[in-house]
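The sequence and the structure are shown first.

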Amino acid sequence: MNVPLHNKITIDTYMTPLDHPEFAGHEQIVFATDNETGLKAIIAVHNTNRGPGLGGCRMWNYASANEALTDVLRLSKGMTYKNALADLALGGGKSVIIANPRTDKTPELLRAFGRHINRLSGSYITAEDVGISSDDMEIIGSETQFARGTDATGFGDPSPYTALGTFVGIKAAAKHKFGSEDLSGLTVSLKGLGHVGYDVARQLHEAGARLIVSDIYDPAVTRAIEELGASSVSPDDAHLVKADIFAPCALGGGLNAATIPELKVAVVAGAANNQLETQEDGAALMKRGILYAPDYAINAGGVISVALGEPGASDSIVRQKTLAIGGTLAQIFDRADAEKRPTNIIADELAEERFQHHHNPA
């Protein structure tokens with residue numbers, strides 16, 4: 001069955017969300033539309049045992065509605081684990097807007113999305129993600145109190161905290177694998193030079209690492225070459241580079257049965273979400289002797305800033321909790337070594353211990 005939805009958006013195979021292979025006991029799945037603005041969005045709340053489901057809004061030109069549904073189901077579940085592992089009093093949720101962020105985004109569409117968020121009465125709290133900027137969140141936040149990462153709700157753009165946590169996590173991984181968190185002289189292949197990726201690259205450069213960068217946006221690559229003394233490769237070749245560390249900081253799914261055998265690194269540690277295509281890919285990395293920093297553990301700095309960045313909050317408290325990401329990863333690495341099991345499985349178990357039996361109705 002092939003039902004037209006919006007422009008090139010089609011439903012590939014008809015199914016209900018409950019039948020979807022990525023459905024994981026989600027508490028709430030909402031399809032939101034607005035005829036006047038063309039808004040088509042999906043909001044998913046996975047688990048609220050620890051508190052409201054917090055997770056960003058992603059605007060992406062999905063090839064189909066099923067692709068968007070797959071993304072939001074996976075990402076919302078991931079936020080439950082991320083928020084629990086970061087020890088936040090929050091559950092997990094996510095939203096996606098099916099549109100091209102470069103051509104379809106309008107203030108009216110964003111405000112319509114904000115009104116839909118408001119109708120959920122706080123079961124879901126939104127923030128920025130791919131395709132949505134801090135300025136966009138200000139517009140969304142004009143229609144709902146359940147938006148974070150705005151100037152009115154704390155520290156604004158969360159990307160500097162995501163980058164800080166990722167950098168701290170890379171140092172923790174280096175200490176575990178190489179015996180020292182000193183990055184000077186190490187080579188890092190960094191894929192993705194967006195707000196987070198570039199800031200990670202800057203901190204790595206300042207720490208003395210040699211950078212090999214890649215991005216689909218050529219001006220970002222040129223900037224890294226000029227400002228950080230980096231060399232470059234194409235994004236398709238980033239995982240093929242011989243380096244000490246591979247830092248994926250773009251879209252997820254890049255670690256899979258095809259790419260893992262091609263890696264020439266000792267550590268994978270980066271800011272991208274959903275880096276593993278399947279859970280089994282974590283075991284494949286372990287089998288090759290490659291230390292993997294679970295993505296939702298290392299990139300939690302942004303959600304920490306969003307969660308704790310209430311008006312009047314102290315930046316030092318947010319930074320302190322973000323810096324603690326290094327300790328969390330060290331715990332995961334040590335337990336994985338002791339039990340001879342993949343780090344992604346250990347991270348999942350630590351998160352599940354915190355949210356499956358923890359109920360916080362507030």
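## Basis of the description

The model is predicted.

## The second largest pocket

The second largest pocket holds about 590 Å³ of space. Its lining is made up of 28 residues, and R74, K77, N274, Q279 and D348 are the closest to the centre. Helices α1, α8 (295-298) and α12 (343-355) are the elements that give two or more residues to this lining.

Helix α1 supplies the largest share, eight residues. Sorted by class, the lining comprises eleven nonpolar, seven polar and ten charged residues.

## Strand β4 and its partners

Strand β4 (residues 39-47) is largely enclosed by the rest of the structure, because eight of its nine residues are buried. Strand β4 pairs with β3 (residues 28-34) in the antiparallel sense over seven bridges. Within this pairing, V45 of β4 is the bridge partner of Q28. The hairpin formed by β3 and β4 has four residues between the strands, and G38 takes a positive phi near 85° there.

Strand β4 also pairs with β7 (residues 91-98), again in the antiparallel sense, over six bridges. In this case I42 has V96 in β7 as its bridge partner.

In soluble globular proteins, nonpolar side chains tend to be buried together. The largest nonpolar core in this model has 84 residues, and I97, F113, I170, L193, L204 and L329 have the most contacts inside it. Helix α4 (residues 159-178) gives the most to this core, with seven residues. A second, separate core has 14 residues, including F246, V265, L276 and I290.

The surroundings of I97 can be described individually. Beyond its neighbours within four places in sequence, I97 is in contact with L39, K40, A41, C57, R58, M59, W60, Y62, L109 and F113.

## The parallel sheet and P248

Six strands form an open sheet with parallel pairing, in the order β11-β10-β9-β12-β13-β14. The edge strands, β11 (231-232) and β14 (291-292), each pair on one side only. Strand β14 pairs with β13 (residues 267-268) in the parallel sense over two bridges, and Y292 in β14 stands opposite V268.

P248 lies in strand β12 (residues 245-248). Is P248 buried or exposed? P248 has a relative accessible area of 9%, and buried means under 20%; P248 is therefore buried. Leaving aside its neighbours within four places in sequence, P248 is in contact with K191, V268, A269, G270, A271, A272 and Q275. Although G78 is 170 residues away from P248 along the chain, the C-alpha atoms of these two residues are separated by 17 Å.

## Helix α9

Why is helix α9 (residues 301-308) described as largely enclosed by the rest of the structure? Seven of its eight residues are buried, so the helix is largely enclosed. The buried residues of α9 are G301, G302, V303, I304, S305, V306 and A307. These buried residues pack against β5 (53-54), α1 (65-85), α4, α10 (315-323) and α11 (325-339).

How values were computed: Residues numbered from 1 in each chain as written. Predicted model: local features only at pLDDT ≥ 70, side-chain atom pairs only at ≥ 80, totals over all residues. Heavy atoms only, no water. Pairing = 2+ DSSP bridges. Core = buried A, V, L, I, M, F, W, Y, C linked by side-chain atoms within 4.5 Å. Buried < 20%, exposed > 50% of the residue type's maximum accessible area, 1.4 Å probe, protein only. Contact = heavy atoms within 4.5 Å. 1 Å grid on protein atoms, 1.4 Å probe; cavity = no way out; pocket = protein on both sides within 12 Å on 5 of 7 lines; lining within 4 Å. Points joined across faces, edges and corners; volume = space filled by probe spheres on them. Nonpolar A, V, L, I, M, F, W, Y, C, P; charged D, E, K, R; others polar.
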